[in-house]
Amino acid sequence: MEKQFFAQGGAQPLQRRRCLVWAAAGLVAGAGLATRAAQAADTPLPAGARSIRISQAQLQQAVAAKFPLARSWQGMVVIQLQKPSVQLLAASNSLRAAFDIWVTEKLMGNEYPGQMTLDFGLAFQDADASIRLHNVRVQQLQMQGVPAAYQGMFQTYAPRLAEQVLQGLLVYELPASQRMLLQGLGYTVERMEVQEQGLRIVLAPKTATAAPAR
């Protein structure tokens, strides 16, 4: 079973500069028990609940370990993402990541470097106690040196391919001791809170009455 956790977010307007720029709606994902924006101080835990903390450094290390990541689109172009930098947005209970991106046009072998920024949500999977990317949305993509003939194709397909590649990507697995807490003691993930220094995962007994979504 997958539990998804949404945060508040708004759409971003399309921007054009000298470089090619795409923007799309920023969204952090989830269903189940939604939370308001996490505050600097911890919110009180429900009766019987516990919490697990994942620091920003741990999140950064876990995400970075999945890259570089490359995918091909219809044999025409290869998109490679590398050097992710994760940002915690506590005010909106969301996460953002910036990447270096390389697009290779396979026919002529031309390469175009750039930078990509995206927002993403977190989904928790009970089956393997993993945290995965969810509702990935490209926020901004800037490419250098893209010929006019390719700009339309890049504008249409590059953000879509990047979102497909990253959707569901495993970024963190709870260690064995924490999995035992979930399974052996009958706990479930109630919510995940993005804070200034990291992520707080709130666990509650499965028999407890769930708090209403807000």
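Helices (H or I, at least four residues) and strands (E, at least two) are DSSP runs, numbered from the N terminus. The structure described here is a predicted model, in which local features need pLDDT of at least 70 and side-chain atom pairs count only at pLDDT 80 or more, while totals for chains, interfaces and linings use all residues. Residues are numbered from 1 along each chain as its sequence is written, and side-chain values use heavy atoms, with hydrogens and water left out.

**Helix 2**

- Helix 2 covers residues 148-166, which makes 19 residues.
- From its first C-alpha to its last, helix 2 reaches 27 Å, close to the 27 Å expected at 1.5 Å a residue; the expected span is 1.5 Å times one less than the number of residues.
- Helix 2 bends by about 45 degrees at Phe154, where the bend is the angle between axes fitted to the seven residues ending there and the seven starting there.
- The buried residues of helix 2 include Met153, Phe154, Ala158 and Pro159. Buried means under 20% relative accessible area, exposed means over 50%, and partly exposed lies in between (1.4 Å probe, protein chains only).

**Helix 3**

- In helix 3 (residues 176-184), the buried residues are Gln178, Leu181 and Leu182.
- These buried residues fall within an arc of 95 degrees when seen down the axis of helix 3, so they line one face of the helix. The arc is that of the directions from the helix axis to the C-beta atoms.
- Ser177, Met180, Gln183 and Gly184 are exposed, on the face of helix 3 turned away from its buried side.
- The cover over the buried residues of helix 3 includes strand 3 (50-55), strand 7 (110-125), strand 10 and strand 11.
- Gly186 follows helix 3 and has a positive phi, near 75 degrees.

**Strands 10 and 11**

- Strand 10 (residues 187-195) is mostly covered, with nine of its nine residues buried.
- Strand 10 runs antiparallel to strand 11 (residues 198-205), and eight bridges join the two. Two strands pair if DSSP finds at least two bridges between them.
- The hairpin from strand 10 to strand 11 passes through two residues.
- Opposite Glu193 stands Arg200, in strand 11.

**Salt bridges**

- Side chains of opposite charge can pair when their charged atoms come close.
- A salt bridge is a side-chain nitrogen of Lys or Arg within 4 Å of a carboxyl oxygen of Asp or Glu. By this rule there are five salt bridges.
- Glu190 and Arg191 form one of them, with their closest N and O atoms 2.6 Å apart; both residues are buried.
- Arg191 also meets Glu193 in a salt bridge (2.6 Å, N to O), and Glu193 is buried as well.
- Salt bridges that share partners join Glu190, Arg191, Glu193 and Arg200 into one network.
- Asp128 and Arg132 meet in a salt bridge at 3.1 Å, N to O. Asp128 is partly exposed because its relative accessible area is 26%, whereas Arg132 is buried because its value is 17%.

**Gln82**

- Gln82 lies in strand 5 (residues 77-89).
- With a relative accessible area of 17%, Gln82 is buried.
- Leaving aside neighbours within four places in sequence, Gln82 is in contact (heavy atoms within 4.5 Å) with Phe67, Pro68, Phe99, Asp100 and Trp102.
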